[in-house]
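I opened the notebook to look up charged side-chain pairs. The entries follow the structure.

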Amino acid sequence: MEMNKHKANSVAQNSRKRKRKEKGIGKHNASGGIEKLPDDMLIAILSCMRLKDAVKTSIFSRRWRYLWRFTSGKLVFVDREMETENFKSWVNHILQLHRGRPVDSLIIRFINLVLGPQSSDIDSWVFTAIHKDVKKFELNLKRVEFNLSVQNYEFPNIDKLLSFKYPFVSLRSLILVHVDIEDEVVQYFLASCPFIECLCIRGSNATKNLQVADPLPNLKKLEVSDCSNIQSMEICVMNLVTCTYQGGKINSPFMKTPNLRELTLGGLFCKSFIFKPNKHSSYSATLVKLVLNLNTRVRKRTNSSPDLPQLHSLKRLELNAVAKIRRGLLFFISLIKASPNLLEFRIELKYTTPDPLRLMPYPSVTWQQARGGFCHKKLKVVEMISFIGYEEERDLLDKIAEIAPSIEKVLIDTRNTHRRDHKLPNSISGEVRKQMKSNVLRSTESNAMLMACRFPLETKVVVK
């Protein structure tokens, strides 16, 4: 009995020793691990973390309390349903505490503004970005639609910028949304930021006559969108690869862009690509990707333009089109025919209610004109988004199937809110209303499945 008791005590003792040993090993690993790293190494690790996560490490110990303040990664502030004053105070507090320099990025997105912060606050954010010598600066002050009375923030003028002792030489990306920036300030940035790779100006009312010209050896991406007072724009950048212009009617801005490969057009200017395509012939032959946001309308319907630009290098064509019910879509076949090396074609349709004073902005094309004895040998992928099953949609897919026997994949996406959200008379009861909407959905899916049968058996057709 005593022997068994002694044996039990011995086992218990050994167990306690093992636990102490394991505990000692863990302690040794902790002290010999991250805690033994120098502060510079720990700051480098924190710089790879999100700002909020880096700040949370300040509770670890007295040593960790201030390390996050010297990080050089991304400082990202996003308004997520936060009150304006709270958001402003939060940004100001963090920026005052932060001591790191240089910083990779400063991104401030004030998306849900109801009352704009004072310009002096935002001025301090701009000068903080300059002082920290950031590589990427994004200031997004997009207004909510129901509060259009809020004025745009006015970016510091050239005199204020010149009075600041720190140059903005390391800047590689500048994104301004609903920020009024004057032409001469844009010129200042282009002249004083030799490494700039991306420039985006969206929703500026102060930008009127824009010149983007070499020497800009690193500028690869340019966007100018929704600038209501734009009058002219000249782009002469040899190394520019991607460009977006969505805005008013201006002369063709692409003066010298031999390496332009990806282009997005929208607004009234986009209409000229359809009705006056010869104005785009100087640069269209080099495009690899083209996105047309066609949401303009005209009072008079015209015939198809005979001189569509030849898009010899185009590999992907995306059309986001506002369409009228019972108006043909066969004009888009002309764009496919003008792109002999096209591999992917995507079209998304949004429908408007009938308006007798305005017709669709697309030239009229007959069935015979769309066919024209043409055979596209390269087209591989076709995507139709927001498919409902209207005759015009079926005609377009029919014609594509006829002229492009090489298609390998077709996507027909029926997830469209046009019919699902269609208002029914109040006199219709709930059950009947539910049944009618269900019938609409089944009809849309049935039409999509019927269109799938129009393509060869070896073509992969996906219906969503």
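**Salt bridges**

I looked up K380 and found that it forms a salt bridge with E408, with 3.7 Å between the closest N and O atoms; the term covers a side-chain nitrogen of Lys or Arg within 4 Å of a carboxyl oxygen of Asp or Glu. K380 sits in the loop between α11 (367–371) and β17 (381–385) and E408 in the loop between α12 (391–403) and β18 (409–412), so the pair ties together parts 28 residues apart in sequence. Helices (H or I, at least four residues) and strands (E, at least two) are DSSP runs, numbered from the N terminus.

I noted that this is a predicted model, in which local features need pLDDT of at least 70, side-chain atom pairs count only at pLDDT 80 or more, and totals for chains, interfaces and linings use all residues. Residues are numbered from 1 along each chain as its sequence is written, and side-chain values use heavy atoms, with hydrogens and water left out.

I checked accessibility next (buried: under 20% relative accessible area; exposed: over 50%; partly exposed: in between; 1.4 Å probe, protein chains only). K380 is partly exposed at 27%, and E408 is partly exposed at 47%.

I then took R202 and E223, whose side chains meet in a salt bridge at 3.0 Å, N to O. R202 is in strand β7 (residues 198–202) and E223 in strand β9 (residues 221–225), 21 residues apart. R202 is partly exposed at 30%, while E223 is buried at 14%.

Within helix α12, K399 and E402 are 3 residues apart, about one helical turn. Their salt bridge is 3.2 Å, N to O. K399 is buried at 0%; E402 is partly exposed at 38%.

I searched the whole structure and got 12 salt bridges.
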